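Open the model in your viewer and get ready to select residues by number.

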Amino acid sequence: MSGTQRRAALASYRDAVAEQIRAGDPFGEVEDSIDEVAELTIDEKAALWLFAFSLRDPAEQQLDARAHLASLQ
C-alpha cells in the first residue's frame, strides 16, 4: 500500500473511532475495534487508541489512568 493510500486508510479509521466515541460506545468496544484491524501496524493502533482516549471526557480519562496506575503498584 502506498503512503498516500495508507494515510487515507488511517484517516478513515480515525473517523470511525471518532464516530464510536460520539455515539457513546463503551471505550472497551472502541479498543476492540482498533485491535481487530489486521492491516494496521502496532504504532498505528497505538495512535488510534491515544486519539480515542483523547476524545473521552477528561474526568473519565483521569479516573481510568489513576486506576491503571494503582493496579501496577
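Start by selecting Glu44. Glu44 sits in helix 3, which covers residues 42–55. Helices here are DSSP runs of H or I with at least four residues, strands are runs of E with at least two, and both are numbered from the N terminus. This is a predicted model, where local features need pLDDT of at least 70, side-chain atom pairs count only at pLDDT 80 or more, and totals for chains, interfaces and linings use all residues. Residues are numbered from 1 along each chain as its sequence is written, and side-chain values use heavy atoms, with hydrogens and water left out.

Is Glu44 buried or exposed? Glu44 is buried, at a relative accessible area of 12%. Buried means under 20% relative accessible area, exposed means over 50%, and partly exposed is in between (1.4 Å probe, protein chains only).

Now show what Glu44 touches. Leaving out residues up to four places away in sequence, Glu44 contacts Arg6, Leu10 and Glu39. A contact means heavy atoms within 4.5 Å.

Next, jump to Ser2. Ser2 is in the segment before helix 1 (3–22). Ser2 is partly exposed, with 36% relative accessibility. Draw a distance from the C-alpha atom of Ser2 to that of Val30. The separation is 26 Å, for two residues 28 apart along the chain.

Now for the rings. How many aromatic pairs does a search of the whole structure find? The search finds 3. Rings of Phe, Tyr and Trp (its six-membered ring) pair if their centres lie within 6.5 Å; planes under 30 degrees apart count as stacked, over 60 as edge-to-face and the rest as tilted.

Select Phe27 and Trp49. Their ring centres are 5.8 Å apart and their planes meet at 75°, so this pair is edge-to-face. Phe27 belongs to helix 2 (residues 27–35) and Trp49 to helix 3, so the pair ties together parts 22 residues apart in sequence. Phe27 is buried at 14% relative accessibility, while Trp49 is partly exposed at 31%.

Phe53 is buried, at 16% relative accessibility.

Show the three rings together. Phe27, Trp49 and Phe53 make up one aromatic cluster.

Last stop: Arg56. Arg56 lies over the face of Phe27, 4.6 Å from the ring centre. A charge sits over a ring if NZ of Lys or CZ of Arg is within 6 Å of the ring centre and within 35 degrees of the ring normal.
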